[in-house]
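I opened the notebook with a few places to look up. My entries follow the order in which I checked them.

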Amino acid sequence: DAVRLVGAKAAQYARLVSVLGAADTLGSRSFALTFQAFQRHCHDAVPNLEAVLAELDAQELGTETMRKALAGVREAVEKRPVHPSVVECVSDVLLALQDAGSPSTREFLFRSSTNCEDLPGFNGAGLYESHAVTVSFSRYFPKLASDSSSAIAVALARVWGSVFSYRAYAERRHAGIASQHVAMGVLIQPLLRGKYVLANGVCLTAHPYARQRTGVMVSALPGGDEMVTAGRSVPETTFINTARLKREQAENFGSVKQTEFDVESLDLELVTARPNQEGNSEVLSKEMLQDLAYHAARLHQVILGNPVGMATPSFSTDADRNDPGRALDIEFMFTARNDKEKPFHLTILQARPFTIRSKFYSPATTT
């Protein structure tokens, strides 16, 4: 089970790449560190870590003693030098991914990938940290600049240390996750940003407030410098309503060729306009939304086992079998493309399970 080796985020990204292919993901340029590096580093930093965590698990949540103990563990993990063999391993892979003629400086994002996030029943979004690293490649020798190696070590230690934040610990405790079972891998991906990034955002393959409405809810911001996931700005939000699709079309939404699918059947509803907008989408064009809807529905169908909005999923438990509240939470980015017919390219950055739970709406079939 890949989740037990590299964590849920990295494992699910590998599944995503297998569905969409490298062209629509960062799959060919992404890799992950296993739990072994995290476990070795943490036990070198805090030799009695098991005893410390066992003592914390026996205490009442929220005490000052608990907060100080966790802060001490996190500080020790972040200040402990990362083993040179781990830094060398990461450096070697980054060098192998560097194509001839590529820029001498590139940015990579080091992302948490624990065995207790991005899972059905425990999303864990925002509990752990990600860190960007600027990597400089030598022009004359197959190696990284020394400052890049140092930056890699710092990023790894900070991502690992975020496991021991009080917020992350408290959320896991509420979910009944024992501390001694927590482990973290690190998913390393190229960081996309700059002038060629047209937009970024997230989408849910369900309506978050009304489960009886079928479709894809999209939130997007222009460019790539400010991310929707940061939550600092109001994004443009559009609901892509698939209710008018014929049942056979909906059932095949994720499997037919995109060129054969009747995307004109999709209704686009602007839910939230960004400031200074006048009712028309300025962040994502209709063509972008259609492209995103197709890929989101395809992922939903393959990963969750049922078409978007159809209350006939093939899950393993009776409780899930007739629940259309199961959905995917997908992060995406559009970049510029030198093509007049299709001047943009969609890249899927992440996809994870999301459960719609609303006291205002009960499960219902497609309407």
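Is D118 buried or exposed? I looked this up first, keeping in mind that the model is predicted. D118 has a relative accessible area of 0%, so I put it down as buried. I found D118 in the loop between β2 and β3 (131-136). Phi of D118 is near 55 degrees, a positive value in a residue other than glycine. I noted it because most residues other than glycine have a negative phi.

**Entry: R106**

I stayed with β2 and went to R106. R106 sits in that strand, which covers residues 105-114. Is R106 buried or exposed? Its relative accessible area is 17%, so R106 is buried. The cut-off for buried is under 20%. Next I listed the contacts of R106, leaving out neighbours within four places in sequence. R106 touches R29, L97, Q98, V133, T134, V135, F137 and P190.

**Entry: aromatic pairs**

How many aromatic pairs are there? I counted three. I took F38 and F164 to begin with. Their rings are stacked, 6.5 Å centre to centre, with 15 degrees between the planes. This pair links distant parts of the chain, 126 residues apart. F38 belongs to helix α3 (residues 35-45), and F164 to the loop between α7 (146-161) and α8 (166-174). Both F38 and F164 are buried.

Then I turned to F334 and F344. This pair is edge-to-face, at 5.5 Å centre to centre and 80 degrees between the planes. F334 lies in strand β9 (residues 326-336) and F344 in strand β10 (residues 344-355), ten residues apart. I checked burial for each ring. F334 has 0% relative accessibility, so it counts as buried. F344 has 7%, so it is buried as well. Ring pairs also bring in F332, and F332, F334 and F344 make up a cluster.

I looked for a charge over a ring and noted R67. R67 lies over the face of Y166, 3.9 Å from the ring centre.

**Entry: helix α3**

I went back to the helix that carries F38. Which residues of α3 are buried? I wrote down F35, A37, F38, H41, C42 and A45. Seen down the axis of α3, the buried residues fall within an arc of 160 degrees, so they line one face of the helix.

**Entry: the loop between β9 and β10**

K342 is in this loop. K342 is in contact with D291 and R337, leaving aside neighbours within four places in sequence. I also checked K342 against M288. They are 54 residues apart along the chain, and their C-alpha atoms are separated by 9.3 Å.

**Entry: the largest pocket**

What is the volume of the largest pocket? I have it at about 1200 Å³. The largest pocket is lined by 44 residues. V202, M227, T229, A230 and E331 lie nearest its centre. I then sorted the lining by strand. At least two lining residues come from each of β2, β4 (184-190), β5 (197-204), β6 (215-222), β8 (267-272), β9 and β10. Which of these gives the largest share of the lining? That is β10, with four residues.

How values were computed:
Residues are numbered from 1 along each chain as its sequence is written. This is a predicted model: local features need pLDDT of at least 70, side-chain atom pairs count only at pLDDT 80 or more; totals for chains, interfaces and linings use all residues. Side-chain values use heavy atoms; hydrogens and water are left out. Rings of Phe, Tyr and Trp (its six-membered ring) pair if their centres lie within 6.5 Å; planes under 30 degrees apart count as stacked, over 60 as edge-to-face and the rest as tilted. Buried means under 20% relative accessible area, exposed over 50%, partly exposed in between (1.4 Å probe, protein chains only). A charge sits over a ring if NZ of Lys or CZ of Arg is within 6 Å of the ring centre and within 35 degrees of the ring normal. The arc is that of the directions from the helix axis to the C-beta atoms. Contact means heavy atoms within 4.5 Å. On a 1 Å grid over the protein atoms alone, a cavity is a set of points where a 1.4 Å probe fits but cannot get out, and a pocket is an open set with protein on both sides within 12 Å along at least five of seven lines; lining residues have an atom within 4 Å of a point. Grid points are joined across faces, edges and corners, and a volume is the space filled by probe spheres set on the points.
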